[in-house]
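Please keep the sequence and the coordinates at hand while reading.

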Amino acid sequence: MLGGTVYTFPVEAYLYTPFTYLFNGASVVPLKLVSTLSWVGAAVTLYFIGRRLIGERAGLIAAALCWITPGALMVLSITAYPAYASGLFVTTLAFLVATIVLDRPAPGPSRRLLVLFGALAGLAFWLHPMFLTVMVPMGALVLWTVRRRIDAIVSAIGGGIIGCSPLLLWNAANGWPSLETPVKVPGTYTDRLRTFATDLIPRAFGLKDSGRAWFDDFWGPVLYLALLATIMFGLWTIARHCTARGRIVLFVVLGSVFFLMALLRNLIYANDGRYAMISLPFVLIALAAGIDRLAGRRPPWRVVGVLTLVAAIWLVGFVRPNAQPFLDARGVDPNAQLDQIVDVLDERGINRVYGSYWAVLPVDFAGDNRIVGGVFPFWPIRFPDRQRIVGAAPPEDVAVIYMNYDEDIAYLLMPPEQYERIVIGERVVYLPLDGASAVASPSPTG
């Protein structure tokens, strides 16, 4: 489990750990590559799904749409969010296996294949419970397909238990903490459905910014309607021309996923588009089917023309708006601010930092164990041991760091006049002055 979030399996942490030995310490690039590798796996798997349901070209289109992913999803594909990219990969694999299960002729799928599907479903649940919103309808469809075979039902359910058994055992030994919602959020069921339709999908596909405003008030809605129309056209195409029984998986999941997602209160958050990953593989297959059908097979000028036009619209309309700030920053080290803060702390002989979540933990990581960080107690405490170390340090030995948008001197450990305040990029650093006396203030663990 991940400290402070007791329902997530941070598989990325285990995959990343060997890199710390290969690179002789913490490194940002391999940390981001772990998520990117999962994205590669999802793209390759989408190729095989598209090829099974529609054809070779549709599979290539689906893989390309996933790899050159637009908007907020592009950022997420190179961000170390535990269980998101890996969950995307696992659910995409489960999607592929489910189509194979449904396509197996009599006497039906083997027990081994059903155990595999169940294990993937269980692993997806362990990675993040939000993936139940696609695994439950897929699992129900698989079980219905083999409903007359007790051995097959036992195999699928047994595989599911195996896949999430570490989660179940850990909860049983610790009082079932995963059943508690970590953050209470406002909003009704219909509010969440409205958010998915008006904010989450446009944000994820690059048509809205982090404030959920359209990048372009005219072209944004136009492109969104075109996106939805192409998805619906793709579903119509699959329904009419695809003969594989596996296509039912796509319709069942897309017909239920957003209604199931709306049952989970925390999914109303749409600013970074992360929850669009849940439905992404299914949306991209439908989108690829629509594009493939529009391109046709002949004449050649139509095929080339349609695919070229779609690529241009995808890159300019969906990818570019959100990516432009990063393109403008080419040649700039995105980690320079963290390195500068670490250098300042090293120069002052300070190796304990305290502050807001997004300000402190990246500095802790960049400090490569020379620096230990603790967060304000209203933030999730991911690393209790490090939090206790900071809490036990004298206040005059602890720097306090904020993001520039959440600076609040009420959380300083000493009076403000006993710090030197410096601004480094997006972070505000309060450095204890030499000889500052420890005036009692809130403890980092209080």
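## Salt bridges

Glutamate 420 is partly exposed, with a relative accessible area of 29%, where buried means under 20% relative accessible area, exposed over 50% and partly exposed in between (1.4 Å probe, protein chains only). The model is predicted, so local features need pLDDT of at least 70 and side-chain atom pairs count only at pLDDT 80 or more, while totals for chains, interfaces and linings use all residues. Residues are numbered from 1 along each chain as its sequence is written, and side-chain values use heavy atoms, with hydrogens and water left out.

The side chain of glutamate 420 meets that of arginine 348 in a salt bridge, a term that stands for a side-chain nitrogen of Lys or Arg within 4 Å of a carboxyl oxygen of Asp or Glu. This pair links distant parts of the chain, with glutamate 420 in strand β4 (residues 419-424) and arginine 348 in helix α14 (residues 336-348), 72 residues apart; helices (H or I, at least four residues) and strands (E, at least two) are DSSP runs, numbered from the N terminus. Arginine 348, at 40% relative accessibility, also counts as partly exposed.

The structure holds 14 salt bridges, and the table gives three of them.

| Glutamate 420 | Arginine 348 | 2.7 Å |

## Nonpolar patch

Leu37, Val40, Val44, Phe48, Trp67, Ile68, Leu315 and Val316 make a nonpolar surface patch of about 690 Å², built from residues with over 30% relative accessible area and no salt bridge, whose nonpolar side chains (Val, Leu, Ile, Met, Phe, Trp, Tyr) are joined within 5 Å. Helices α2 (28-53) and α13 (300-328) each supply at least two residues of the patch, and the largest share, four residues, comes from α2. Valine 44 has its place in helix α2 and is partly exposed, with a relative accessible area of 43%.

## Pocket and cavity

On a 1 Å grid over the protein atoms alone, a cavity is a set of points where a 1.4 Å probe fits but cannot get out, a pocket is an open set with protein on both sides within 12 Å along at least five of seven lines, and lining residues have an atom within 4 Å of a point.

The second largest pocket has a volume of about 390 Å³. Of the 16 residues that line this pocket, Ile201, Leu228, Leu254, Phe258 and Val283 are the closest to its centre. The lining of the second largest pocket has 15 nonpolar, one polar and no charged residues.

The largest cavity has a volume of about 40 Å³. The elements that give two or more residues to its lining are α15 (357-366) and β2 (372-375), and β2 gives the most, with three residues.

Note on methods: Grid points are joined across faces, edges and corners, and a volume is the space filled by probe spheres set on the points. Ala, Val, Leu, Ile, Met, Phe, Trp, Tyr, Cys and Pro count as nonpolar, Asp, Glu, Lys and Arg as charged, and the others, Gly among them, as polar. Patches are made of residues with over 30% relative accessible area and no salt bridge: like charges are joined within 9 Å, nonpolar side chains (Val, Leu, Ile, Met, Phe, Trp, Tyr) within 5 Å. Accessible areas come from the Shrake-Rupley method with a 1.4 Å probe; for residues, only the protein chains shown count as cover.
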